[in-house]
Structures are given as C-alpha cells and as structure tokens.
Amino acid sequence: MKLNRRIFNKQLLISAGGLTLVNSLPFNLQVKSEKKGLGIALVGLGSYSSGQLAPALQETSECHLAGIVTGTPAKEKQWAQQYDIPQKNIYNYQNFDDIKDNDDIDIVYVVLPNAMHAEFSIRAAKAGKHVICEKPMAMNVEECDAIIQACNDADVKLSVGYRLQSEPYTQEVKSMVREKTFGEVRYVQSDAAYISRGNPDQWRLNIDLSGGGALMNMGVYAIQSNIYGSGMNPISVTAQEYSTRPEYFKKTDETITAQFEFPNGATGNMMTSHNIRANRHYTSCDNGWFELQPANSYGPLKGRRSDGTLIEFPHRSQQALQMDDFARHIAQGTVNRAPGEMGKRDMIIVEAIYKSIRNGGTRVDLDLGNLGIVSEK
Ligand code: NAD
C-alpha cells in the first residue's frame with residue numbers, strides 16, 4: 001500500500017497514542033495531534049454538512065474537520081469561529097483548486113446538489129485529494145465513470161457517502177445474509193420515503209440540479225437495502241411511477257415502486273417516495289426473517305428477528321463511523337465499504353428503473369456481475 005509521508009506521520013500519532021512520542025515531536029505536529037487523523041474539507045455547507053457531518057467530525061478518531069469550501073461568504077466567519085478553522089483552510093468554489101497546495105487537507109467531502117458532484121469530485125481528485133462524494137454519486141452513469149477515472153488517474157481513494165454501510169444494524173443484516181443465519185434469502189422489501197412539503201423551488205425538486213426526484217434522493221437507500229438484504233446484485237428490474245401531487249412535483253418523480261429478480265431466484269420489492277412516510281428493511285429467508293424499522297434514518301435504528309431476538313446496538317453517529325472507516329481505508333488499507341463502483345452500480349439501477357417506467361413498466365435486464373459488492377470478510 002502506498003502511504004505518503006504526511007499521512008504516515010499522522011497515522012503514527014493516532015496509532016501510537018503515547019504521550020512520549022507526541023511530546024518528542026515539534027510543536028506544529030503536536031497541535032496536529034489534537035486534531036486527530038486525516039484532515040477533511042467539507043464542500044457545501046448546507047443542512048447535511050452543518051447538521052450532521054460537522055458535528056460528526058467532533059466524534060471521529062481517524063479524521064477531523066480541517067477546512068471548508070463554500071459559495072456563501074457569510075458562512076466562512078461563522079464556521080471558522082465555531083470549528084476553529086484557520087483562514088488558510090477556507091476556500092470558495094472559484095479558488096477551490098488551490099487546495100492542492102494545502103497539506104492540512106487529505107480528504108475532500110462533496111456535499112453539494114447532485115448536479116455538482118461530478119465537477120467537484122473530479123476537481124478534488126485533480127488536486128490530489130481523496131474524495132467522498134455524497135449520494136446519489138452523480139446525475140448519471142457517465143458522470144460516475146468520469147469520477148472513478150479521475151480518482152484512478154490521480155491515484156486517490158474514492159468513496160460514496162453511504163453512511164449506512166458503516167453502521168452496526170446494517171452490518172448485522174449483511175452478516176445474517178452472509179452467514180445464512182435463517183437460510184437462503186427468498187424475498188427483500190425496502191422502503192425509503194418521506195413527505196416533502198417545503199419550498200417548491202428547492203434544488204431537490206429541480207430536475208437540472210437533482211437529476212430526479214424520490215428515486216435519486218431516498219431511492220438509492222432502497223436500492224442499497226435490497227442489495228445488502230439479499231447479498232446479491234439484481235439481474236432485472238421492473239418499475240412503476242405514481243403521481244398524486246403533480247402541481248408540486250412538476251418535473252421530479254413523487255413515488256416509485258420497483259421489483260428485482262436476483263440470481264438465486266429471490267425477488268425484491270422497493271418503494272421510494274417524496275409523498276409517503278416509510279423507513280423499513282425486511283428480509284425473508286427459508287427459515288425465518290429479520291427487519292429494521294427505522295432502517296434508513298440517522299438513528300438510533302431498531303431491528304428484530306423471527307426468533308424473537310431484538311437487534312440492538314449502542315447508538316453512535318453513523319457519519320462519524322462512515323468517515324472513520326474511509327480514513328482507515330486510506331491510512332491502513334482496510335476495506336472501502338462504499339467504493340465508487342458501488343455508487344456507479346446504483347446509478348445503473350436508477351437508470352434502468354427510469355427506463356422501465358418510460359417503457360410502461362417493462363422488465364429491464366441488468367448485467368452487473370459483482371459490481372459494487374464489497375466482501376467484508
Ligand atoms: P442543502 O440544500 O441543505 O445544501 C446544499 C448546499 O449546496 C448549500 O450550502 C448551498 O449553498 C450549496 N449550493 C451551491 N450551489 C447551489 C445551487 N445551485 N443550488 C442549491 N444549493 C447550492 O442540501 P443537503 O441536504 O445538504 O444535500 C447536499 C448533498 O448531500 C446532496 O447530494 C444530498 O443528496 C446529500 N445528502 C446525503 C445525506 C445522507 O444521509 N448521506 C443526507 C442529506 C443530504
């Protein structure tokens with residue numbers, strides 16, 4: 001594994017954890033040791049960055065909030081004060097590329113409207129920074145390919161903001177599927193939906209900025225859930241769209257259902273909506289079942305099994321777990337739980353779902369092989 005010297009030094013500080021070593025280092029490195037692990041710059045300081053990611057970065061052990069990139073000058077001062085971010089680590093969308101010269105920043109986390117994911121992920125890779133790109137990875141498969149290519153060319157790591165891949169309830173589902181705790185999987189149901197009543201001009205309802213409605217937003221969770229709930233990529237999909245508030249959802253999908261076929265003959269069903277409240281994962285196997293409800297929210301999640309056992313874990317920030325996982329992947333070569341190929345695979349499925357709907361609900365074959373399936377054992 002290739003580790004650059006700076007990351008190696010930071011890693012030494014994390015893993016040694018001993019005062020003797022830290023005390024023997026120069027002052028500037030000692031300061032850095034308080035800011036643990038790799039430095040992350042958040043790009044886009046909207047509700048997810050301010051409400052979830054920045055607070056989570058106060059709980060991480062392998063990475064810390066080192067910089068920000070914002071198009072809103074008023075946010076610069078506020079964030080600098082709140083999170084002790086030096087002026088030299090603050091960028092706007094124009095001078096963002098200068099981040100290449102900033103050794104405090106190891107990872108750029110793109111938290112912008114979907115239409116901006118590809119541009120900023122590619123610019124980050126070209127600046128030599130590792131990339132976390134929020135979900136959905138991009139507007140289409142072509143953009144996903146361009147992001148993956150840019151990261152490969154720059155020899156940087158890439159991950160998609162799939163926070164659930166790193167949290168223990170989802171890991172337990174993956175483990176029960178892998179271990180065949182209740183036998184072979186026969187059916188998976190996943191629902192990821194909420195009711196949108198906010199500003200009709202928000203970017204999520206603007207097809208040019210979002211690339212789609214519920215499917216591009218919560219739908220990727222439902223797709224993910226069907227895949228980790230079965231342990232397989234689907235071989236076909238058939239989909240339907242429902243619209244009851246066309247005056248509000250003018251150009252973006254309101255509710256979508258889709259059915260999957262899996263290679264072992266199992267079937268799956270998913271529902272996503274901007275006009276229904278639902279948040280559930282259910283896997284039925286030959287000898288029993290397990291479910292999470294809620295399954296997709298920020299937690300605490302909740303789960304149970306057909307044998308009466310409750311699925312319970314202490315609550316921790318999903319985003320902290322996710323970012324620590326990625327930092328560990330970079331610095332220690334551990335598994336990348338949400339690689340770019342996973343985001344691309346989900347976008348192939350999104351495109352197939354829209355295609356099926358356009359064609360009046362016909363079946364669309366998928367040839368995914370094991371694309372995006374991460375072996376965690
Ligand atoms: P938001 O609207 O709250 O924030 C968007 C940010 O982008 C704002 O800071 C805004 O100023 C900036 N921006 C720049 N150009 C813009 C433009 N042309 N139009 C609108 N905003 C613009 O959105 P958010 O909820 O923070 O979502 C950002 C990204 O994070 C999205 O891709 C979303 O899917 C993703 N997200 C992921 C999760 C998750 O659980 N993984 C949760 C929420 C959001």
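Which pocket does the ligand take up? In this predicted model, the space taken by the ligand is the largest pocket.

View 1. The ligand is surrounded by 21 residues. Ser47, Lys135, Arg163, Trp203 and Tyr221 are the closest of them. Sorted by class, this shell holds 11 nonpolar residues, 5 polar residues and 5 charged residues.

View 2. Arginine 163 has a side-chain N or O atom 2.6 Å from an oxygen atom of the ligand. In tryptophan 203, a side-chain N or O atom lies 2.8 Å from an oxygen atom of the ligand. The side chain of glutamate 134 has an N or O atom 3.0 Å from a nitrogen atom of the ligand. On its own the ligand has 830 Å² of accessible area, and the protein covers 79% of that area.

**View 3. The ligand shell and the two domains.** The chain is divided into domain 1, residues 35-161, and domain 2, residues 164-371. Each of these domains supplies at least three residues to the shell around the ligand.

**View 4. Where domain 1 meets domain 2.** Contact between the domains involves 35 residues of domain 1 and 34 residues of domain 2. Taken over C-alpha atoms, the centres of domain 1 and domain 2 are separated by 24 Å.

Notes: Residues are numbered from 1 along each chain as its sequence is written. This is a predicted model: local features need pLDDT of at least 70, side-chain atom pairs count only at pLDDT 80 or more; totals for chains, interfaces and linings use all residues. Side-chain values use heavy atoms; hydrogens and water are left out. A residue is near a molecule or strand if one of its heavy atoms lies within 4 Å of it. A polar contact is a pair of N or O atoms within 3.5 Å; within protein, one must be able to donate a hydrogen and the other to accept it, and residues adjacent in sequence count only if both atoms are side-chain atoms. Accessible areas come from the Shrake-Rupley method with a 1.4 Å probe; for residues, only the protein chains shown count as cover. On a 1 Å grid over the protein atoms alone, a cavity is a set of points where a 1.4 Å probe fits but cannot get out, and a pocket is an open set with protein on both sides within 12 Å along at least five of seven lines; lining residues have an atom within 4 Å of a point. A molecule sits in a cavity or pocket if more than half of its atoms lie within 2 Å of its grid points. Ala, Val, Leu, Ile, Met, Phe, Trp, Tyr, Cys and Pro count as nonpolar, Asp, Glu, Lys and Arg as charged, and the others, Gly among them, as polar. Domain bounds come from an automatic or database domain assignment. Contact means heavy atoms within 4.5 Å.
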